[in-house]
Amino acid sequence: MTIKVGIADTTFARVDMASAAIKKLNEMTSKIKIIRYTVPGMKDLPVACKKLIEEEGCEIVMALGMPGGKDKDKVCAHEASQGLMMAQLMTNKHIIEVFVHEDEAKDEKELAWLAKRRAEEHAENVYYLLFNQKFLEKNAGKGLRQGFEDVGAARE
Ligand SMILES: Cc1nc2c(=O)[nH]c(=O)nc-2n(C[C@H](O)[C@H](O)[C@H](O)CO)c1C
């Protein structure tokens, strides 16, 4: 049985995170069909994700976006994030938010690396949510991070 996975991304982003996520998912399994939906910016992602779920039949969706470094971009990111939460509750499906803030990286090279790495690591999470939830359970509380280094579990 083929499971449909939605990939929503934006033209605003400065890195093609969707291609990195799709490549990773296709490397991990042949049991999925990817449906991609590109929108202008992150505030357009919630409805794109909802349409991927309700109209395209996706079981899970990744929402890939890049908030800029200005205050108004951060407000937009918060609004987009709330929209994504709402879309999850309305559809009862996971939407894995993969936002990379432009000011998280020290330069363009690091931004490109970080965005692709975070997209790949969240693609792995999508795989585990679909096919191997026990793997996530085994890693509960381990301080895993997507993109930069894991921070690890707190020492007691
Ligand atoms: C201010 C602003 N900042 C961002 C951003 O940092 N990242 C992003 O992806 N999109 C931004 N946008 C565009 C909105 O998300 C949206 O695409 C437009 O308001 C059209 O609906 C806007 C308007």
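**Ligand site and helix packing**

Let me begin with the ligand, which is surrounded by F12, P40, G41, M42, K43, D44, M66, P67, G68, D73 and C76; a residue is counted here if one of its heavy atoms lies within 4 Å. This is a predicted model, in which local features need pLDDT of at least 70 and side-chain atom pairs count only at pLDDT 80 or more, while totals for chains, interfaces and linings use all residues. Residues are numbered from 1 along each chain as its sequence is written, and side-chain values use heavy atoms, leaving out hydrogens and water.

A polar side-chain atom of D44 is 2.6 Å from an oxygen atom of the ligand. For K43, a polar backbone atom lies 2.9 Å from a ligand oxygen atom. M66 places a backbone N or O atom 3.2 Å from a nitrogen atom of the ligand.

I turn now to the helices, which are DSSP runs of H or I with at least four residues, numbered from the N terminus. The axes of α2 (residues 45-54) and α3 (residues 71-91) come within 8 Å and cross at roughly 20°; axes are lines fitted to C-alpha atoms over the stretch in contact, with angles from 0 to 180 degrees between N-to-C directions. The two helices are therefore roughly parallel, a term for angles under 35 degrees. On the α2 side, L45, P46, C49, K50, I53 and E54 meet A80, G83, L84, A87, M90 and T91 of α3, where contact means heavy atoms within 4.5 Å. These residues divide into eight nonpolar, two polar and two charged.

Technical notes: Parallel < 35°, antiparallel > 145°, perpendicular 65-115°, else oblique. Nonpolar A, V, L, I, M, F, W, Y, C, P; charged D, E, K, R; others polar. Polar contact = N/O pair within 3.5 Å; in protein donor to acceptor, adjacent residues only side chain to side chain.
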